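Hi everyone, thanks for making time this morning.

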Amino acid sequence: EITGKVIHIDHYGNLITNIKLDVFNKIGNARQANIKIGSYNIIGITEGYMRKDKGDCLCIFNSLGLLEILMIQSNASKLLNIRIDSLITVKFSPALED
C-alpha cells in the first residue's frame, strides 16, 4: 500500500500527487492497483487518453513521473471535491501464488 497526497492542481483541475512511478512499480510489483481519493475509486493506471469518454476518471503517470488523476474534458478537483493535501491511497491486489 502507498499513501500520498495531492501536491498540485493544474488549471484544468487535474490532481498531481507526490506518488512517484519508481515507488509505485517497486511496491506494486506489476499487480493491479486500486487508487482511492476521497470517496472515489479508480482501478488501474491508464497508458493514454485514447478511446476515453467525456467525464471518465483515470490515473496516469505524467512526464515528471508523478501519479496524476484527471477527468476527460472535466475538472477532477471540482467534481471530486479534492484540494491540495487531500490524501490518496493506492492498494495493490494480492500477489499470485505459484
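Let's begin with Ile45. Setting aside neighbours within four places in sequence, Ile45 is in contact with Phe24, Ile35, Cys59, Ile60, Phe61 and Leu67. Please keep in mind that this is a predicted model. Where does Ile45 lie? You'll find Ile45 in the loop between β4, residues 40-43, and β5. Is Ile45 buried, partly exposed or exposed? Its relative accessibility is 27%, so Ile45 counts as partly exposed; the cut-off for buried is under 20%. Also, Ile45 and Glu68 are 23 residues apart along the chain, and their C-alpha atoms are separated by 9.7 Å.

Now for the core. The largest nonpolar core has 21 residues, and Leu15, Ile35, Ile37, Leu67, Ile69, Leu80 and Val90 are those with the most contacts inside it. At least two residues of this core come from each of β1, β2, β3, β5, β6, α2 and β7. Take Ile69: beyond its neighbours within four places in sequence, its contacts include Leu15, Ile35, Ile37 and Leu80.

Finally, have a look at β1, residues 2-9. On one side of our tour, β1 runs antiparallel to β7, residues 87-92, and four bridges join the two strands. Thr3 stands opposite Thr89 there. β1 also pairs with β2, residues 15-20, in the antiparallel sense, over three bridges, and Ile9 has Leu15 as its bridge partner. β1 and β2 form a hairpin with five residues between them. In that turn, Gly13 has a positive phi of about 90°.

Note on methods:
Residues are numbered from 1 along each chain as its sequence is written. This is a predicted model: local features need pLDDT of at least 70, side-chain atom pairs count only at pLDDT 80 or more; totals for chains, interfaces and linings use all residues. Side-chain values use heavy atoms; hydrogens and water are left out. Two strands pair if DSSP finds at least two bridges between them. A nonpolar core is a set of buried Ala, Val, Leu, Ile, Met, Phe, Trp, Tyr and Cys residues joined through side-chain atoms within 4.5 Å. Buried means under 20% relative accessible area, exposed over 50%, partly exposed in between (1.4 Å probe, protein chains only). Contact means heavy atoms within 4.5 Å.
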